[in-house]
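I'm opening a page for this one.

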Amino acid sequence: MTAEIVPGLRALGMNEYAASVYSTLVGLQKATARDIHEVSGVPRGRIYEILNDLTRRGFIAVEEGSPTSYYVLDIDVVFDRLKEDYIRTLDETRETLKSLSVKPRLPPDSFFILRSGWAIENHISSLFRRVKKSMVILCYDPGFLRKHYAAIKPLERKIDLYVVVRTKEDYADIRLPIYEARGTVLDLLESSPMNESVIGLRKDECTILVDGRDFLVIAAAGSGRHAVIGSDMPIIGYLQKTIVERLTRS
């Protein structure tokens, strides 16, 4: 048995002895318990227990005789069945969890802070997936649009999309509905989206307003990258509507 196979077999619920017995039998194809013990080095007292368990789980089969022999079942068939069982279990567990889940409602004017890169990217993807009608992106950094361009571009055909920037020239290579901020919208872009003294934000990346109810603000905080998120806040609907009116009026 090679050491490389152990983690994979352990992921299937085998301990080291079971992994050793199974991989040994795969090599031998057919063998008695004594043969497997001698080749694998697994203690004789554990061999039958492990062989019975592998048989019960459908990895191997038994040929009755004197002595009894064990042989490996078709690996492709076994692992296709395991994959189907695993996917079915995942789907059933997901649906069960969804039936238990109750969407939390944030109290007015509340927000959460995300502090990990994975959490931030996951929330961005979630916003892009669930937007229904409109999205406003106040963009302070062209790099954000370039990074997420493949996810944002398809939204242009499905929703009212507004990308608001300080200077359009900085975004000339980005094929999105980009609006240059003017008047009160420019004032909004040039002001910090959140109170720096409260959460220590320093460099803004973007602010996203979705369907008049969700918002996401991404900014640098020291050497890290933080996001502030909120939902079901009346001010978001008013702010998004006002921005769109100012943009389309000009």
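I searched the whole structure for aromatic pairs and got 2. For my own record, rings of Phe, Tyr and Trp (its six-membered ring) pair if their centres lie within 6.5 Å; planes under 30 degrees apart are stacked, over 60 edge-to-face, and the rest tilted.

Tyr22 and Phe59 make an edge-to-face pair, 5.2 Å centre to centre with 70° between the planes. I placed Tyr22 in helix α2 (residues 16-28) and Phe59 in the loop between α4 (44-56) and β2 (60-63), so this pair links distant parts of the chain, 37 residues apart. Helices (H or I, at least four residues) and strands (E, at least two) are DSSP runs, numbered from the N terminus.

This is a predicted model: local features need pLDDT of at least 70, side-chain atom pairs count only at pLDDT 80 or more, and totals for chains, interfaces and linings use all residues. Residues are numbered from 1 along each chain as its sequence is written, and side-chain values use heavy atoms, with hydrogens and water left out.

Buried or exposed? I found both Tyr22 and Phe59 buried (under 20% relative accessible area; exposed is over 50%, partly exposed in between, with a 1.4 Å probe and protein chains only).

Tyr162 and Tyr179 form a tilted pair, 5.4 Å centre to centre and 40° between the planes. Tyr162 sits in strand β6 (residues 160-165) and Tyr179 in strand β7 (residues 178-180), so the pair ties together parts 17 residues apart in sequence. Tyr162 counts as buried because its relative accessibility is 12%, while Tyr179, at 27%, counts as partly exposed.

Last, I checked strand β10 (residues 224-231): 6 of its 8 residues are buried.
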